Amino acid sequence: MPSREQRRWQRVREGGCWRSVLLFGALGWGSAFSILFAGLEQWTGEVQSFWLAVFNALPLGFLAGAIYGWSRWGYALLAKVREHHYVDPEEEPKRIKMTVKTQAGARPGHAILPPAMLGILGGGQLGRMFTVAAKTMGYRVTVLDPDPHAPAADFADVHLCQNYHDAEALAELARTCAAITTEFENVSADSMRWLAKQGVPVSPSGECVAIAQDRIAEKNFIREAGLAIAPFLAVNTAADLEGDISAWLPGILKTARLGYDGKGQIRVKTAEEAHIALSEFKHQPCVLEKMLPLKCEISAIVTRTAAGEIASFPVSENEHPTGILDVSIVPARVKPEIAEQAQAMAQQLAAALDYVGVLAVELFIQDDDSLVINEIAPRPHNSGHFTQDATLTSQFEQQVRAMCNLYPGKPDLISPVVMVNLLGDVWGEDGSEPNWEVLMTAPNAKLHLYGKKEARPGRKMGHYNVLGESADKALEQARAIQETL
Ligand code: AIR
């Protein structure tokens, strides 16, 4: 049952401003006020005929009605301005839960508005797409990345070409930026903590990044938050692999830190293989994760603001045939209650972390339909690139919005979509470009290239989104295009 406040918003939103003024204001409310005034006059004994009194009171009634109507118009105008923020919780109870503040000034803190300078640690493809989103909204961007050819530098106003812990570069960021974020969990969490200490809003916090950077800390946090994870063994030294480890076999040995895009992972079937894998990783801390019987992999990406509003993107179904994401299919072809549960788990985790920004949660659907969290990323995610073309707000715009203390944009899906990654493998050995012809002539396919100078096998060079009538149709076309590259 919608509340009174919700019904009022609904009427105002549906009514349109001028209709409110004319119909309800001058005529409707005018007549009502006239009758009221005439009733008062008759009551005080001033007039004999009630209808004559109504007639006499008409000008005053219309004036009062118009004033009331105009106040409604003001309200309607306010509604129009705020409409963008307003999501009726009754309309979309599962996808998005927002706390709507209707009082001016009720929102804690101040919004950071364009043309403020925003800072980002890391200038890879995720930083590049963030920069494009921020620049589109009128912000300026400073990127810190040691690579002189960092993809984000093509669009950024300032590129600080230094390491992520360079004191001078960090001081420059703190001095010039109104808010700072990151695009790569391999950046230094200490740098983020230092920046926050200088008084700049940093999101996500250094604490959240530190948790996501370390698989052991990450898994412990998720478990303590009461959410399901795959069974794992923390392997700090080879001694942890002694004894009976059959409960985690066959499994995957993953380095606790600095692994991404399938890097730092080896599949192991026996204890001996686990030892060999650990020496390959030069005995750095690892986790041994048990391989689970899986139906499929999905991800739930949420945006959370400092005020606690959370918006969830539709869940994507992900395929990683070689350990690197190949395609994301949206909406995920899973039971709706599973998708909803995944979103709820991501929201719960974001709240437990007191997270600010875009948080990606990768999950496994096991054979018995139960969900376990695989890993999290404290930033926009490859499996969320579909949002650039298929949702009302992209994950990169959400990152800007969250760090600037704006409300999250609407995350609704406009069309079923399939995202296909373009890895360096599709480029020629001599660096020659793939055959773009078919992709570029398909009106419903959208190409995004990252401008990386060097194409290496397994390196993410770009992606494309194919929008279709259904996820299956989009997938069919996306695969056909893939064949032609
Ligand atoms: N990234 C971060 N975590 C996982 C991924 N894929 C993105 C970031 C980072 C870039 O990958 O944008 O800057 C690094 O890509 P590469 O190809 O230079 O290793």
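Reader: Which residues of helix H12 are called buried, and what makes them so?

Author: In H12, the buried residues are Gln395, Phe396, Glu397, Gln398, Gln399, Val400, Arg401, Ala402 and Met403. A residue is buried if 20 or more other C-beta atoms lie within 10 Å of its own, exposed if 12 or fewer, and partly exposed in between, with C-beta atoms placed from the backbone. This is a predicted model: local features need pLDDT of at least 70, side-chain atom pairs count only at pLDDT 80 or more, and totals for chains, interfaces and linings use all residues. Residues are numbered from 1 along each chain as its sequence is written.

Reader: Why is H12 described as largely enclosed?

Author: Nine of the nine residues of H12 (395–403) are buried, so the rest of the structure largely encloses this helix. Just after H12, Asn405 takes a positive phi of about 60°.

Reader: What makes a stretch a helix or a strand here?

Author: Both are DSSP runs, numbered from the N terminus: helices are H or I with at least four residues, strands are E with at least two. By that rule the protein chain has 14 helices and 18 strands. Buried residues make up 43% of its 485 residues.

Reader: How confident is the predictor, and what is the score?

Author: pLDDT is the predictor's confidence in each residue, from 0 to 100. The protein chain averages 87, and 86% of the residues score at least 70. Over residues 81–107 the pLDDT is below 50, and beyond near neighbours in sequence this stretch has 29 contacts in the model. Where pLDDT is low, the predicted coordinates should not be read in detail.

Reader: Which residues of H8 are buried, and where do they lie around the axis?

Author: Arg215, Glu218, Lys219 and Ile222 are buried in helix H8 (residues 215–224). They cover an arc of only 95° around the axis, which puts them on the same side of H8. The arc is that of the directions from the helix axis to the C-beta atoms.

Reader: What do they pack against, and what counts as a contact?

Author: Two residues are in contact if their C-beta atoms, placed from the backbone, lie within 7 Å. The buried residues of H8 pack against helices H7 (206–213) and H10 (336–352), and against strands E6 (232–235), E7 (251–255), E9 (286–290) and E15 (371–377). After H8 comes Gly226, with a positive phi near 85°.

Reader: Why are E6 and E8 called edge strands?

Author: Two strands pair if DSSP finds at least two bridges between them. The open sheet has four strands in the order E6-E9-E7-E8, with antiparallel pairing. E6 and strand E8 (265–268) each have a single partner strand, so one side of each is left without a neighbour in the sheet. Neighbouring strands of this sheet are turned by 20° against each other on average, direction ignored.

Reader: How do you know that E6 and E9 pair?

Author: Four bridges join the two antiparallel strands E6 and E9. Val287 in E9 is the bridge partner of Ala234. H8 packs on this sheet, touching E6, E7 and E9, and its direction makes about 50° with that of E9. Axes are lines fitted to C-alpha atoms, for helices over the stretch in contact, and angles run from 0 to 180 degrees between N-to-C directions.

Reader: What makes E14 count as enclosed?

Author: Eight of the ten residues of strand E14 (357–366) are buried, so the rest of the structure largely encloses it.

Reader: Which strands pair with E14, and over how many bridges?

Author: Strand E10 (294–304) pairs with E14 in the antiparallel sense over ten bridges. Cys296 stands opposite Ile365 in E14. Six bridges join E14 to E15, again with antiparallel strands. There, Val361 has Ile376 of E15 as its bridge partner. E14 and E15 form a hairpin with four residues between them, and Asp369 in the turn has a positive phi of about 75°.

Reader: Where are the edges of the parallel sheet?

Author: This open sheet has four strands in the order E4-E3-E2-E5, with parallel pairing. Its edge strands are E4 (158–160) and E5 (179–182), each pairing on one side only. The twist averages 20° from one strand to the next. Three bridges join strand E3 (140–144) to E4, and Thr142 stands opposite Val158 in E4.

Reader: Which helices lie on this sheet, and at what angle to E3?

Author: Helix H4 (125–136) touches strand E2 (117–121) and E3, and its direction makes about 165° with that of E3. Helix H5 (167–176) lies across E2, E3, E4 and E5, running at about 165° to E3.
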